[in-house]
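Please view the sequence and the model first, and then read on.

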Amino acid sequence: QVQLVESGGGLVQAGGSLRLSCTASGSIFSIKAMGWYRQAPGKQRELVAAVISGSTPNYADSEKGRFTISRDNAVNTVSLQMNSLEPEDTAVYYCNANVATKFIPTMFNNYWGQGTQVTVSS
């Protein structure tokens with residue numbers, strides 16, 4: 001009953017920027033956390049950044065200073081501003097949200113988007 005829709009991926013040159021957005025929709029009561037993960041070819045899926053209610057944003061060490069995550073609680077949207085992109089940032093980026101529905105407001109489940117491709121050329 002919850003869907004995550006991602007947008008903003010694409011092909012950019014090294015040093016360029018992209019902004020990813022993800023919107024959650026459905027029978028949402030509350031969202032405890034929203035964030036972004038990525039998976040490069042041959043590698044495990046890893047955390048990029050996340051926003052947890054009641055705390056400051058979390059970033060992977062390599063992304064600090066280059067990426068900025070922001071969340072608009074009013075429209076259940078999380079965005080990832082990516083600057084100074086490097087070829088090593090090439091991956092499929094996945095939106096993630098920890099959501100409680102209106103039917104069971106105390107039960108949180110994880111939901112994933114389908115992923116959006118980010119490719120950074122040299």
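## Salt bridges and their surroundings

Glutamate 46 counts as partly exposed, at 38% relative accessibility; in this scheme buried means under 20% relative accessible area, exposed over 50%, and partly exposed in between, with a 1.4 Å probe and protein chains only. The model is predicted, so local features need pLDDT of at least 70 and side-chain atom pairs count only at pLDDT 80 or more, while totals for chains, interfaces and linings use all residues. Residues are numbered from 1 along each chain as its sequence is written, and side-chain values use heavy atoms, with hydrogens and water left out.

The structure holds three salt bridges, a salt bridge being a side-chain nitrogen of Lys or Arg within 4 Å of a carboxyl oxygen of Asp or Glu.

| Pair | Closest N and O atoms |
|---|---|
| Glutamate 46 and arginine 38 | 2.8 Å |
| Arginine 38 and aspartate 89 | 3.0 Å |
| Arginine 66 and aspartate 89 | 2.8 Å |

Arginine 38 is buried, with a relative accessible area of 7%. Because arginine 38 lies in strand β4 and aspartate 89 in the loop between β8 and β9, their pair ties together parts that are 51 residues apart in sequence. Strands (E, at least two residues) and helices (H or I, at least four) are DSSP runs, numbered from the N terminus. Aspartate 89 is itself buried, at 2% relative accessible area. Arginine 66 is placed in the loop between β6 (58–59) and β7, so its pairing with aspartate 89, in the loop between β8 and β9, joins parts that are 23 residues apart in sequence. Arginine 66 is also buried, with a relative accessible area of 12%.

## The nonpolar core and threonine 116

A nonpolar core is a set of buried Ala, Val, Leu, Ile, Met, Phe, Trp, Tyr and Cys residues joined through side-chain atoms within 4.5 Å. The largest one has 29 residues, of which Met34, Trp36, Leu80, Met82 and Tyr93 touch the most other members. Elements that give two or more residues to this core include β1 (2–7), β4 (28–39), β9 (91–101) and β11 (116–121). The greatest contribution comes from β9, with five residues.

Threonine 116 belongs to strand β11 and is buried, at 13% relative accessible area. Apart from residues up to four places away in sequence, threonine 116 touches Glu6, Gly9, Leu20, Trp36, Ala91, Val92 and Tyr93, where contact means heavy atoms within 4.5 Å. Its side chain reaches the backbone nitrogen of glycine 9 at 3.4 Å.

## The loop between β9 and β10

Where does lysine 102 lie? Lysine 102 is found in the loop between β9 and β10, and at 55% relative accessibility it counts as exposed. Leaving aside neighbours within four places in sequence, lysine 102 is in contact with Ser27, Ile28 and Phe29. The C-alpha atoms of lysine 102 and valine 12 are separated by 40 Å, the two residues being 90 residues apart along the chain.

Isoleucine 104 occupies the loop between β9 and β10 (108–112) and is partly exposed, at 46% relative accessibility. Phe103, Ile104 and Met107 form a nonpolar patch on the surface, with about 330 Å² of accessible area together. Patches are made of residues with over 30% relative accessible area and no salt bridge, like charges being joined within 9 Å and nonpolar side chains (Val, Leu, Ile, Met, Phe, Trp, Tyr) within 5 Å. Accessible areas come from the Shrake-Rupley method with a 1.4 Å probe; for residues, only the protein chains shown count as cover.

Conventions:
Polar contact = N/O pair within 3.5 Å; in protein donor to acceptor, adjacent residues only side chain to side chain.
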